[in-house]
Amino acid sequence: METASRYSPQGVEEKWYQYWEEKKYFRSVPDNREPFTIVIPPPNITGILHMGHMLNNTIQDILIRRARLQGKNACWVPGTDHASIATEAKVVRMLRERGIKKSDLTREEFLRHAFDWKEKYGGIILQQLRRLGASCDWDRTAFTMDDVRSQSVIQCFVDLYKKGKLYRGKRMIHWDPEAKTVLSNEEVIYKEENAQLFHIRYVLESDPSQYIVIATQRPETIMADSAVAVHPEDERYKNFVGKKVLIPLINRAIPVIVDEYVDREFGTGALKVTPAHDQNDYELGIKHKLEVIDILNEDGSLNSEAKILIGLDRFVARKKIKSLLDEAGVLVQVKDYMTNIGRSERTSSVVEPRLSLQWYVDSGKLAEPALHAVMNSTIEFLPDHMKNTYRHWMENIRDWCISRQLWWGHQVPAYYYDDEVFVCTTRAEALEEAKKKIGSSFIESKLKQDEDVLDTWFSSWLWPISVFDGFNNTEDFKYYYPTNVLVTGWDIIFLWVARMIMAGYEWIGEKPFQKVYFTGMVRDKQGRKMSKQLGNSPDALQLIDEFGADGVRFGMLSSSPAGGDLLFDDSLCGQGWNFCNKIYNATRLVKMWSDSNEPSSLSDQLVMRWMENKISQVYIDSDLLIEQSRLSEALKMIYSFIFDEFCGFYLEAIKPKENNQVSKEVLENTISYLSQICTILHPFMPFITEEIWHNIKIREKGEDCMMSSYPKKDAIDVALLEQVQELRQVLSTSYKLRQQYNVKMNLEVPIFIQESNIPNLSATTGASELLLKLGKFSSISNSAIEVPDAKSFLGLRHKYYIQLPITLDKDTELQKLEEEIKYQKGFIESVMKKLSNERFVSSAPADLVEKEKRKLEDGQSRLQSLIESFNVLKGS
């Protein structure tokens, strides 16, 4: 049956993914093979496939498919994260659209709606990952709030509490007024924004004619002020220290205090101290025993403690108070300035400092083994410089606030009876403990569970353990843990990576993974971060529709060094599709051939031996690059080999002149080479390789590319590779010379090889025949002398002359030779410099040193030939 002339990925990709799933090829169960394990960074159930997911999961799929081809028991565990804040916001919005308020529901009613939403939308992103070709073991799909994962979370909370590594305390926290929950430090994003600095006059209580001018960005909080602070060495305010000033509009008297914390150069050098609404002011308040006055509600509106503007949103109040201060004659001036403002990562709401009673993990007690594991390379970071970022954070680690004022999530397993706290895995356990503690006066209805839920990351940090039910020490856990590699973005090195390492050592005493591959940020080709606002973030699924998953995977990997940002250009995906089409059409060409009874020619035998060695070389070299996590370089190497050497040279070399007939040996070997190429390329581009694998020959049942094996790492005939490289260079140069001098490609011309003490191509069986076939040469001869009236050029080891029907310009040719001599001298100097470096010679592999010596010999030989040519031409 005739196949289409262009590769169309749509039907192909759906067909093979369904086939792989039906065959259970992604499934992994413990056996006697070496395991290779990856756990997916669980995407939020609110998420849809974006460019970051595409890059991250393409890399994971490459590594897992490679492990299968190596004969390992490859297990890639998928799953999703419940994403407390983001999901609750989605559900609240959905309910609002239905005319339902969260406040009108019980917790149980709200959670029913939330789980319904999760069932409908939560798995969308996993379905989308299938489009990309992700070969996850879908039977193992986990969810951070399913029974096994929830049990693990509760168990770890209780364990940390009993060990004294988790506590409840009242501290200044980051508050999200929109989501109405506390945020961890890492969930607050700071960036420079335009703001205003309000200069406000506070008059002296004892003498209203005297005043201090304070500078603040937040005039709406002056009603919560407890003092004005100045620097003890600031002469401007020495007469005010120890006295009281009046807060404008409400006329409450507050003291003027001194503290070295005050920056005399900022604003007016006089600082309003508002302990309830600023972290630094809170510390000052503790130090000076100041009153804490909280004037803000959970939603950021002003409460009754403010005395004025009650019920107004904080930003509405800011505008209103500006007018009131101006009317009162105490607003001196307003200055525009730039400052860092913290916003919630999830809602983008401006974060509010707030004093609150929350649960904390004493992170310092968990940090030491996790820090050592990375710094001594027990866990490898790629790129290595990420260790510095990790170390800085771990050495300055702060306690982790893990409670959130939400309903969607794992409810804190703490139970309260009056002032008593009972931390237990179940309510039944808490009842037993409470009864013992309280005694005969115990009333069951008074025992109340904490209303808060735990930070999403408190479940995610257990992921490598909990996906295998590790806290119950299952057979799966013993077999698959620790995992082999974690692929993730550098932006969550603290939020997730560091915490998983801490959890691994805290509960298992073992690292959770052997290696962390940090991906960079996906940016547009101008280097800008992709965002909806800029409109520069392409639709991931639309890209797959247009270029196919293989094309997109190629495009993503073509420019993504480990840890480096990716400058994405969808033309790279187009290049990926073109590559698919190139291989597809190469297969069509081979399928048109039939075998003859004729034996293989000498030139065919030469290129077949070369191709066998070349495949071994490309596999060995690309496999080493993958092992070093240089995936982009590995793909480029394979691409170049297939495009230039297999399609561009090998197929041209063996292509029959007529009747589409080749020898049986050539046909069988070519099909074998294509099959091996499919296997090598498969981890990167799984769909096209499976399609070609089956198109090129009839396969036995179960004989699929995905489940094939890599070629053997046979010894490589380096001399043969160099000989064919020389031959290809001769052909390439001869083509360029014909083009340069307008000599037709089909005009046969003689070529001469200058004799030397090194055997040349004429001594290589099949080389002369191949040169005659591909180079359109009329004859090939050896020459002991310079060939007059011929265009000369250097190969890798020999000098060649082509007699073209042209007249050469002597001066032009001399100038070219001078340039070549200059270049060759520079090349020899660079190689000699390397070989004179004792450190290189003593530490580099012996074969690399030997290669450099050969390069020096070849370079010196080429230089001698060039000088001879120059002298002969000059004297002619």
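Here are two exercises, with worked solutions, on a predicted model.

**Exercise 1: helix H8**

Work out whether the span of helix H8 (residues 314–327) agrees with its number of residues, then find which of its residues are buried and what they pack against.

*Solution.* 
- Step 1. Now look for residues with under 20% relative accessible area. In H8 these are Arg314, Ala317, Arg318, Ile321 and Leu325.
- Step 2. Why might a helix have residues that point the same way? An α-helix has 3.6 residues a turn, so residues three or four places apart do just that.
- Step 3. Check the neighbours: the buried residues of H8 pack against strands S7 (188–203), S13 (331–344) and S14 (352–361).
- Step 4. Finish with the ends. At the start of H8, a side-chain oxygen of Asp313 comes within 3.0 Å of the backbone nitrogen of Phe315. Just after the helix, Gly329 has a positive phi of about 75 degrees.

**Exercise 2: the second largest pocket**

Describe the second largest pocket by its volume and its lining.

*Solution.* 
- Step 1. Take the volume: about 1100 Å³.
- Step 2. Turn to the lining, which has 36 residues; Val718, Glu722, Gln725, Lys851 and Arg854 lie nearest the centre.
- Step 3. Find the elements that give two or more residues: helices H18 (602–627), H19 (631–654), H22 (718–740) and H26 (846–875). H22 gives the most, with nine.
- Step 4. Sort the lining by class, and you get 17 nonpolar, six polar and 13 charged residues.

Key: Residues numbered from 1 in each chain as written. Predicted model: local features only at pLDDT ≥ 70, side-chain atom pairs only at ≥ 80, totals over all residues. Heavy atoms only, no water. 1 Å grid on protein atoms, 1.4 Å probe; cavity = no way out; pocket = protein on both sides within 12 Å on 5 of 7 lines; lining within 4 Å. Points joined across faces, edges and corners; volume = space filled by probe spheres on them. Helix = DSSP H or I, 4+ residues; strand = E, 2+ residues; numbered from the N terminus. Nonpolar A, V, L, I, M, F, W, Y, C, P; charged D, E, K, R; others polar. Expected span 1.5 Å × (residues − 1). Buried < 20%, exposed > 50% of the residue type's maximum accessible area, 1.4 Å probe, protein only. Contact = heavy atoms within 4.5 Å. Polar contact = N/O pair within 3.5 Å; in protein donor to acceptor, adjacent residues only side chain to side chain.
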